[in-house]
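Subject: Structure handover

Hello,

Here is the structure you asked about. My notes follow below it.

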Amino acid sequence: MIIKKYSFYLLITFNLIFGYYGPGLSITESDDTDALFFNPAGLAIDHGIQFDFFGDANNNFNNFYSSFKIKNFGMSYKNIDGESGFRIGIAQKIHKNLYYGYIWDNKNLIDAGLLYRPFNFTSLAWKSTLDDNFSDFITHDFGIGFRPLGCKFLTLGMDQSFDKNWESKNTSLFIKTIPISGLELSASISSNEYEDNGVPVF
């Protein structure tokens with residue numbers, strides 16, 4: 001009851017402090033339609049049939065994103081400023097709490113990823129992007145998420161991105177809370193967002 005009583009105040013606080021930085025998505029937490037863009041291994045986690053559609057009425061009414069996901073499969077399509085693109089992915093559970101998946105897009109790129117959740121309070125993830133002839137890696141991403149309270153109420157974590165030469169590209173920290181059933185709030189801070197502002201990067 002105490003958590004529910006103060007969840008509204010936590011929601012307002014997060015909006016005021018972190019609203020500028022955008023959604024707190026991570027390769028460790030992506031198991032809905034966002035798995036199509038963050039970690040294809042998340043497609044293997046069954047949340048039923050999911051469908052998203054987003055439009056951009058501010059800039060161009062013809063701009064939109066759409067995505068669809070069922071267990072082990074997902075696809076997305078977008079049209080931005082007259083340029084279309086699509087992604088198709090499949091995934092599979094390969095061991096207890098261990099998932100693998102890959103996604104191909106029309107730019108001839110492949111995302112391959114792993115998601116491992118050995119305990120209810122820990123999530124580990126890896127994703128690499130490479131060209132579709134498997135000859136050259138482009139980026140590598142690793143992430144960790146943990147739930148300090150042992151439940152979904154609060155999740156903290158970090159993603160680290162490297163280029164193909166294993167030089168650090170970006171570090172992002174994220175926080176996610178589910179104060180009441182059906183309500184999820186998340187935020188992230190990325191080191192890249194500070195590089196042009198004279199503030200030390202992570």
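G113 stands opposite K127 in β7. That pair belongs to β6 and β7, which run antiparallel and are joined by nine bridges. Strands here are DSSP runs (E, at least two residues; helices are H or I, at least four), numbered from the N terminus. Two strands count as paired if DSSP finds at least two bridges between them.

This is a predicted model: local features need pLDDT of at least 70, side-chain atom pairs count only at pLDDT 80 or more, and totals for chains, interfaces and linings use all residues. Residues are numbered from 1 along each chain as its sequence is written, and side-chain values use heavy atoms, with hydrogens and water left out.

The neighbouring pairs

β5 and β6 also pair in the antiparallel sense, over eight bridges. D105 stands opposite L109 in β6. β5 and β6 form a hairpin with three residues between them. In its turn, N108 has a positive phi of about 60 degrees.

Which order do the strands take? It is β1-β2-β3-β4-β5-β6-β7-β8-β9-β10-β11, an open sheet of 11 strands with antiparallel pairing. β1 (50–55) and β11 stand at the edges with a single partner strand each, so one side of each has no neighbour in the sheet. On average, neighbouring strands are turned by 15 degrees against each other, direction ignored. For that angle, axes are lines fitted to C-alpha atoms (for helices over the stretch in contact), and angles run from 0 to 180 degrees between N-to-C directions.

The largest pocket holds about 570 Å³ of space. It is lined by 20 residues, and the closest to its centre are F37, F38, K127, D141 and N170. A pocket is an open set of points on a 1 Å grid over the protein atoms alone, where a 1.4 Å probe fits, with protein on both sides within 12 Å along at least five of seven lines; lining residues have an atom within 4 Å of a point. Points are joined across faces, edges and corners, and the volume is the space filled by probe spheres set on them.

β7 (122–131), β8 (137–146), β9 (154–163), β10 (168–180) and β11 (183–190) each supply at least two residues of this lining. The lining of the largest pocket has five nonpolar, eight polar and seven charged residues. Ala, Val, Leu, Ile, Met, Phe, Trp, Tyr, Cys and Pro count as nonpolar, Asp, Glu, Lys and Arg as charged, and the others, Gly among them, as polar.

The second largest pocket holds about 450 Å³. Among its 23 lining residues, E29, D31, R117, R147 and K176 are the closest to its centre.

Confidence

Mean pLDDT (the predictor's confidence in each residue, from 0 to 100) is 82 for the chain, and 81% of residues reach 70 or more. Helix α1 (residues 2–18) is lowest, at a mean of 49. Strand β5 (residues 98–105) is highest, at 95.

Best wishes
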